[in-house]
Amino acid sequence: MALTEVYWDHHIPLPRLAPGLAKIIVALLALLCFVNSYDGEFVFDDSEAIVNNKDLRPTTPLSNIWSNDFWGSNLSSNSSHKSYRPLTVLTFRWNYLVAGDLHPVGFHVLNIILHALVSILMIDIFAILIGGLDYDEKGWIVNHAPKTSLLAAMFFATHPVHTESVAGIVGRADLLCALFFQLSFLTYCKAFNTGSNRDERFSVHWVVVSLSLCAAAMLCKEQGITVLGVNAAFDVLLICNVNVYELSQKLLLRKNGFDVSEMFRMGLLRRLALMLLGGLSMLYARWRIMGTGPPAFTEVDNPASFAENVFLRRLLCIMVLALLCLYVVRCALRSHQWRSEQSLFISALSVCPLNAKVHYNVGKNLADRGNSTAAIIYYREAVRLHPTYVHAMNNLGNILKEKNELVEAEELLSKAVSIQPDFAAAWMNLGIVQNSLQKFEKAEQSYWNAIRFRRKYPDCYYNLGRLYADQNRHVEALNAWRNATVLKPDHSLAWNNMVILLDNTGNLGQAELIGREALRLLPEDHTIMFSLANVLGKLQKYKESEGFFLHALRINPNAASCHGNLAVLYHRWGKLDLAKKHYEYALKLDPEAPGTRDNYNMLLRKMDQFNRSLP
């Protein structure tokens, strides 16, 4: 299994270092390449996998991690990508708990540390693959190619191809998968270190441990299962020294028969059977977890050569050093570009100027930062490059809707749903535009289409309720908003609209009940407090009304309307000095507040009359 020291290892232009020092150097190089990404933002897929993923929140049951995909969607959903990586999500959740919130620094630091660990382990991996498998008396790997394995690990640690995996937080799936992949391979190798028991060909215990680590790698990212193929190939080619060419000739041409007794004696077939059984079990479990169906994706989602004396002629030493330096610089540049979505997507434009997804990402980033005018340019270019890019059409239609360019927005959204009829979000946005255009029947149909394709769609029920309210279809509006709150109990706008509608239609008792129910679920929502306080004031429950107004003002002290309505309450209640105080607060915050100036003048006249009537 082991070789003597690789004959060309001494030609490597590196000093021979102690194993510990070699690992420290590789770790420092790995850290140096990516340390400038430690304070980067959440970028690109981080938004969906981390920022918007409720599975990271302490309020979400931990069990959800095992039934949802990497992005927080239920695996049984048709829209799920079936990316089942619960161990990776578990580390994200740990980051969240340690930091107490979504602070990207901790996420980035852990990624950088994991890259350093993976790079360190590559020394042992390369030592085995290049110098052969050998252990000393203490059970430590003997490195017969110390210089070569160190150089290879240095190139691995500094290669720019790792930028996305390290600087992008969602790349942790690659890092964790690689770590458990390496550990699975190394423990499989450990199975052949039987110590003094030379009669035992291998340790079943270590093979089982290797299979367990393979399962862990697969639970970090799907590709982790491929370590079984690496282990099998390593066993066949390097442990058992099977000549694959001769074996294939015997099997295909049936020459001299094929004697399997030697393979039985060496335990190869037992090990392969164990790995096959383990691999099939993992694949079956993965298939069941996926819901026995494939994931649904949309359309838009270099060779080395060797020569004799290759490491002789001082020029080559300089070239090797220059390549390492180039890798370090390139890593630093790319990780700097990964610090924010803006710099990442802008850098992609220079590389892929004709890629519609790149223009879409730039446009989305600009829109998220409030620059909708510039975002329109990039969304239009994305649609021009890819005329059936429905997500670009949807986002462009939304911006045009906000700019009141409703006709073009309707055209874009109509085209999007004609291309992809089950695009629920586009149907809802089309309904909003049609409602603004007073095409009420079409708007209602668009909303129901959205709900047909996404049954649990609280925002669509909310907008449907607004449509019904605009048409004075009050009962239907209340039912739609109630559906929104059933699907999403913290839907503040739906709760508030129910209270306001019931208030406006004179159903004060029911409005009070709905308001109190909403505040039990959203005890710090100042808008619902404001609406409930208005209802209680009309019911002459002045003390309770005052309490809700004051609580709302403690949360949002600069709300002119809240000061104004509290002043009206005090005015009715006869607390004229307090009424005067809050009228003045309201007018200071919003001098043009409708009705407040008239009410204030009325109060001043009343106070003047009262003062004159005193003896």
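Author: At 45% relative accessibility, V35 counts as partly exposed, a class that lies between buried (under 20% relative accessible area) and exposed (over 50%), with a 1.4 Å probe and protein chains only. This is a predicted model: local features need pLDDT of at least 70, side-chain atom pairs count only at pLDDT 80 or more, and totals for chains, interfaces and linings use all residues. Residues are numbered from 1 along each chain as its sequence is written, and side-chain values use heavy atoms, with hydrogens and water left out.

Reader: Where is the place of V35?
Author: V35 sits in the loop between α1 (19–34) and α2 (46–51). Helices here are DSSP runs (H or I, at least four residues), as strands are (E, at least two), numbered from the N terminus.

Reader: Which residues make the nonpolar surface patch?
Author: V35, Y38, V105, V109, I113 and L117 make a patch of about 470 Å². Patch residues have over 30% relative accessible area and no salt bridge; nonpolar side chains (Val, Leu, Ile, Met, Phe, Trp, Tyr) are joined within 5 Å, like charges within 9 Å. Areas come from the Shrake-Rupley method with a 1.4 Å probe, and for residues only the protein chains shown count as cover.

Reader: Switching to α22. How many residues does it have?
Author: Helix α22 has 14, residues 474–487. From first C-alpha to last it reaches 20 Å, close to the 20 Å expected at 1.5 Å a residue. The expected span is 1.5 Å times one less than the number of residues.

Reader: Which residues of α22 are buried?
Author: A477, L478, A480, W481, A484 and T485. Seen down the axis of α22, the buried residues fall within an arc of 160 degrees, so they line one face. The arc is taken from the directions from the helix axis to the C-beta atoms.

Reader: And what is exposed on the other side of α22?
Author: V475 and V486 are exposed there.

Reader: What do the buried residues of α22 pack against?
Author: They pack against α21 (458–470) and α23 (492–504).

Reader: On to S446. Buried or exposed?
Author: Buried, because its relative accessibility is 3%. S446 belongs to helix α20 (residues 440–453).

Reader: What is S446 in contact with, leaving aside neighbours within four places in sequence?
Author: W427, L430, G431 and Q434. Contact means heavy atoms within 4.5 Å.

Reader: Salt bridges next. How many in the whole structure?
Author: The search finds 20. Each is a side-chain nitrogen of Lys or Arg within 4 Å of a carboxyl oxygen of Asp or Glu.

Reader: Which residue does E444 pair with in a salt bridge?
Author: R473, with the closest N and O atoms 3.4 Å apart. This pair links distant parts of the chain, 29 residues apart: E444 in α20, R473 in the loop between α21 and α22. E444 counts as buried at 19% relative accessibility. R473 is partly exposed at 23%.

Reader: And R482, what's its partner?
Author: E517, closest N and O atoms 3.2 Å apart. R482 is in α22 and E517 in α24 (residues 508–521), distant parts of the chain, 35 residues apart.

Reader: How far apart are the closest N and O atoms of K580 and E584?
Author: 2.7 Å, in a salt bridge. K580 and E584 are 4 residues apart in helix α28 (residues 576–589), so about one helical turn separates them.

Reader: Which residues do shared partners join into one network?
Author: E512, R516, K541 and E544, through salt bridges.
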